[in-house]
Amino acid sequence: MKKLSVAVALCAALATNYASAEVRINGFASIVGGKSLDSDSTLYGYDDDISFKNESVFALQLSADLMEKLTATAQIVARGENDFDAEFEWAYVTYELSDELQISAGKMRAPFFRYSDFLDVGYAYRWVRPPQSVYGIPFSTYEGLSLLHNTQLGDWDSTVQLMYGSYDGELDAITEKTQGELNDFAGINWTLAYDWFSVRAAYLVAETSFALDGTDPSGAALNGLEAALRANSLNTLADDIAINEDDSYFLGFGFSIDYDNFLFDAEYTQFEVENSILTEQTQYYASVGYRLDGVIVHFTYEDNDDKHDASRFDPIATVPSLNAAINGALTGVQAQSNVYTIGARYDFHPSAAFKIDFSRFEDDVTDTETDVLAVGVDLVF
């Protein structure tokens with residue numbers, strides 16, 4: 001409730017100062033319901049009881065033109081999974097250095113993916129949710145600087161973004177309450193677009209530290225394993241378990257086609273925290289769609305492969321009990337899965353779309369599968 005009061009106060013302040021700044025208020029919402037079709041499995045937060053809370057979201061975006069090429073933007077988001085407590089997702093100022101160059105400072109979206117800037121705006125894409133094998137990264141914002149350059153390269157539209165900053169907050173990573181810290185978080189992404197085709201590349205690096213929740217069984221086990229390694233003077237291996245000021249990188253490529261009624265999107269990503277218990281993660285998706293009289297039907301395939309180069313832990317074989325423990329820890333964090341999604345979107349109103357998706361998740365590690373059906377209405381206003 002306190003967060004909501006702050007949000008209301010900001011709206012009131014902007015409205016009070018309307019005489020000195022042109023303020024625009026836009027919003028978007030997604031009302032999504034879904035359920036798992038398997039009684040003993042969960043996926044995307046759904047079990048076999050239907051829920052309209054898990055993926056629903058309501059948001060307001062406020063933009064104030066402060067004149068002299070300066071603007072301020074804030075986005076207030078209330079998510080169903082957080083009991084609709086309103087929080088500031090974005091809060092930054094932008095200064096236009098020239099017609100092609102602008103600099104922003106504050107809390108902004110981290111530019112990992114093609115749809116990063118529209119991650120919460122369901123109306124901006126055809127799925128109920130973006131492909132989670134790629135888009136399921138445990139955080140999406142950072143605090144710092146962004147330099148954006150837009151220009152023409154022949155017949156191509158070019159957009160280059162440089163960013164630098166940090167992140168400090170709770171992550172749903174190894175445990176549900178992992179405390180993560182990214183320092184010297186820097187990167188570049190470049191998008192080129194020509195008529196019906198666009199291509200994008202991104203590269204980001206950071207110095208990464210995770211503090212594991214000791215009350216969580218996984219966190220307690222990993223913390224205990226690290227302590228046991230140090231007790232046996234295996235400090236180098238202990239450092240390979242810990243995630244403390246380790247270098248990490250994110251690499252992404254993608255392209256899209258919107259030709260007549262034919263749609264195609266694909267993105268490929270790699271992520272690794274070097275010298276840590278975390279796996280090297282590679283993911284991709286490919287999605288094809290067809291547009292017909294306000295309806296888009298689509299099919300998407302996703303692949304996720306999280307693996308370790310376990311050879312770096314070979315010296316631990318000298319202590320058999322620890323060798324078994326480290327192998328168990330590695331098995332616990334690896335993942336290999338595929339997702340198949342078939343769905344449709346119907347734009348029944350100029351500012352609203354109805355969607356329905358059926359997704360099948362296949363876990364190759366446990367040899368299990370889970371089906372989820374979700375429907376939703378996305379709005380912009």
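Here are legends for a handful of close-up views of this predicted model.

The model is predicted, so local features need pLDDT of at least 70 and side-chain atom pairs count only at pLDDT 80 or more, while totals for chains, interfaces and linings use all residues. Residues are numbered from 1 along each chain as its sequence is written, and side-chain values use heavy atoms, with hydrogens and water left out.

**View 1. Strand S4 and its two partners.** Helices (H or I, at least four residues) and strands (E, at least two) are DSSP runs, numbered from the N terminus. Two strands pair if DSSP finds at least two bridges between them. S3 (residues 70-79) runs antiparallel to S4, with nine bridges joining them. Tyrosine 95 has isoleucine 103 of S5 as its bridge partner, and the S4–S5 hairpin goes through four residues.

View 2. Threonine 94 counts as buried because its relative accessibility is 9% (buried is under 20% relative accessible area, exposed over 50%, partly exposed in between, using a 1.4 Å probe and protein chains only). Its side chain makes a 2.7 Å polar contact with the side chain of serine 104. For that label, a pair of N or O atoms must lie within 3.5 Å; within protein, one must be able to donate a hydrogen and the other to accept it, and residues adjacent in sequence count only if both atoms are side-chain atoms. Skip the neighbours within four places in sequence, and threonine 94 is in contact (heavy atoms within 4.5 Å) with Lys69, Leu70, Thr71, Gln102, Ile103 and Ser104.

**View 3. Phenylalanine 112 in the largest nonpolar core.** A nonpolar core is a set of buried Ala, Val, Leu, Ile, Met, Phe, Trp, Tyr and Cys residues joined through side-chain atoms within 4.5 Å. The largest one has 36 residues, and Phe112 is among those with the most contacts inside it, along with Phe139, Phe185, Leu204 and Leu229. S9 gives the most to this core, four residues. Phenylalanine 112 lies in the loop between S5 and H2 and counts as buried because its relative accessibility is 5%. Beyond neighbours within four places in sequence, its contacts include Phe139, Phe185, Leu204 and Phe250. Its C-alpha is 8.1 Å from that of asparagine 189, 77 residues apart along the chain.

**View 4. Aromatic rings.** Rings of Phe, Tyr and Trp (its six-membered ring) pair if their centres lie within 6.5 Å; planes under 30 degrees apart count as stacked, over 60 as edge-to-face and the rest as tilted. That rule gives 26 aromatic pairs. One of them, tryptophan 156 with phenylalanine 197, is edge-to-face, at 6.3 Å centre to centre and 85° between the planes. The two are 41 residues apart, in strands S7 and S9. Tryptophan 156 is partly exposed, at 31% relative accessible area, and phenylalanine 197 is partly exposed too, at 26%. Elsewhere, ring pairs link a cluster that includes Phe112, Tyr142, Phe185 and Tyr285.

**View 5. A charge over a ring.** Arginine 345 lies over the face of tyrosine 123, 4.7 Å from the ring centre. The rule asks for NZ of Lys or CZ of Arg within 6 Å of the ring centre and within 35 degrees of the ring normal.
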